[in-house]
Amino acid sequence: MPKNIPYVFKQNIMSYEEILSICSIMSELGVKAVRVTGGEPLNRRGCVGFLRQLKAVSGIERVSLTTNATLLEPHIEELAKLGLFSINISLNSLDDEIYHRITGQNMFESVWSNIEKALEFGLNIKINCVLVEGFNESEILPLTRLALRYPISVRFIELMPTEVNASLKGVFIENVLDVISAEFNLKSDITPYQPYGHGPAKYFKSDGMKGNIGFISALSDNFCESCNRVRLSSEGYLKLCLHRSQGLNLRKMLRSGASDEEIKKAIEESIALKPKSHRLKTHTEVKNMSQIGG
Ligand code: SF4
């Protein structure tokens, strides 16, 4: 997390019960998949119990988790029993020093050991790596090689500009592919097949890979047209697009006693206003990803 971000008062954070109410209403509207992100979701007491309750919401077929894996170890066995659809782990380097420089934490060893343990328990792991010039371009091949040894998806994601990262320069997927092609012959696009995912990533494999490599070209290949996602912030704001401010204050509706039907109607009206696309190449509308679960 960036330093000096504003903290949110506890009374302004949605309780687990409130989040479950919204998920239940959303499932009646056709939502089948929920991903719990952060900040770091495992920081919040009771997160695994909440995931279990989420799995039990009628109509919700897939529950996934995004985590930095620093706090994963004590929960692995329980998470494996829960049958999560996938765990996305943010990991931008396999090198101790680079990891430390990027995250500010000297925790690579424990994160990697947690990932290995999660794999032993059969969890479906996706590694998310955002490449930034001058930080971790050297990690493209080491991370790609992970897919040879482990049944995981290694995904390279283009840096999305925010106010906090404005001074950083991301690496385009085209350049990542150039580097990987020097060592691997990436072929079949396996996107349509389970259990790789339902999002914007395009997946490829090379001979001998137990896992696969995914690319999310958020900037160079605008996939907004097929975007089917909305986000619920920790403060209960239904955000229609990662990079736009439009949305709906669901916490206010819940706490002012709105009925499920009223909330459902408001969500339907709001979703109709989902923007057609982002304006990332010309505007920066997001302060920082950790505040919105990017
Ligand atoms: S920028 Fe907005 S509309 Fe485009 S893919 Fe992301 S969330 Fe969806």
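**Sheets, helices and a pocket**

Biologist: How many bridges join strand β9 and β10, and in which sense do they pair?

Modeller: Strand β9, residues 237-239, pairs with β10 over 3 bridges, in the antiparallel sense. Strands here are DSSP runs of E with at least two residues, helices are H or I runs of at least four, and both are numbered from the N terminus. Two strands pair if DSSP finds at least two bridges between them. This is a predicted model, where local features need pLDDT of at least 70 and side-chain atom pairs count only at pLDDT 80 or more, while totals for chains, interfaces and linings use all residues. Residues are numbered from 1 along each chain as its sequence is written, and side-chain values use heavy atoms, with hydrogens and water left out.

Biologist: Which residue is the bridge partner of Y237 in β10?

Modeller: N249 is the partner of Y237.

Biologist: And what is the strand order in that open sheet?

Modeller: The order is β8-β9-β10, so to speak a sheet of 3 strands with antiparallel pairing. β8 (231-232) and β10 (247-249) are the edge strands, each pairing on one side only. Helix α9, residues 260-271, packs on this sheet and touches β9 and β10 (contact is heavy atoms within 4.5 Å). The direction of α9 makes about 160 degrees with that of β10; axes are lines fitted to C-alpha atoms, for helices over the stretch in contact, with angles from 0 to 180 degrees between N-to-C directions.

Biologist: OK, next sheet. What is the order of the 7 strands?

Modeller: They run β1-β2-β3-β4-β5-β7-β6, forming an open sheet with mixed pairing. β1 (33-36) and β6 (202-204) each have a single partner strand, so one side of each lacks a neighbour in the sheet. On average, neighbouring strands are turned by 25 degrees against each other, direction ignored.

Biologist: How do β1 and β2 pair?

Modeller: In the parallel sense, over 4 bridges, with V34 opposite V63 in β2. Strand β2 (residues 62-67) also pairs in the parallel sense with β3 over 4 bridges, and there T66 has N88 as its bridge partner.

Biologist: How many residues of β3 are buried?

Modeller: 4 of the 5 residues in β3 (86-90) are, where buried means under 20% relative accessible area, exposed over 50% and partly exposed in between, with a 1.4 Å probe and protein chains only. Across the chain of 294 residues, 44% count as buried.

Biologist: Which residues of helix α6 are buried?

Modeller: In α6 (residues 140-149), they are I140, L141, L143, T144, L146 and A147. Their cover includes α5 (108-120), β4 (125-130), β5 (153-157), α7 (173-181) and β7 (212-216). α7 itself lies across β5 and β7, at about 155 degrees to β7.

Biologist: What about P142, how accessible is that one?

Modeller: P142 sits in helix α6 and is partly exposed, with a relative accessible area of 27%. P142 and I180 are 38 residues apart in sequence and 10.0 Å apart in space, C-alpha to C-alpha.

Biologist: Changing topic: which residues are closest to the centre of the second largest pocket?

Modeller: K169, G170, V171, F172 and L219, out of 13 lining residues.

Biologist: And what classes make up the lining of that pocket?

Modeller: The lining has 7 nonpolar, 3 polar and 3 charged residues. Ala, Val, Leu, Ile, Met, Phe, Trp, Tyr, Cys and Pro count as nonpolar, Asp, Glu, Lys and Arg as charged, and the others, Gly among them, as polar. A pocket is an open set of points on a 1 Å grid over the protein atoms alone, where a 1.4 Å probe fits, with protein on both sides within 12 Å along at least five of seven lines; lining residues have an atom within 4 Å of a point.
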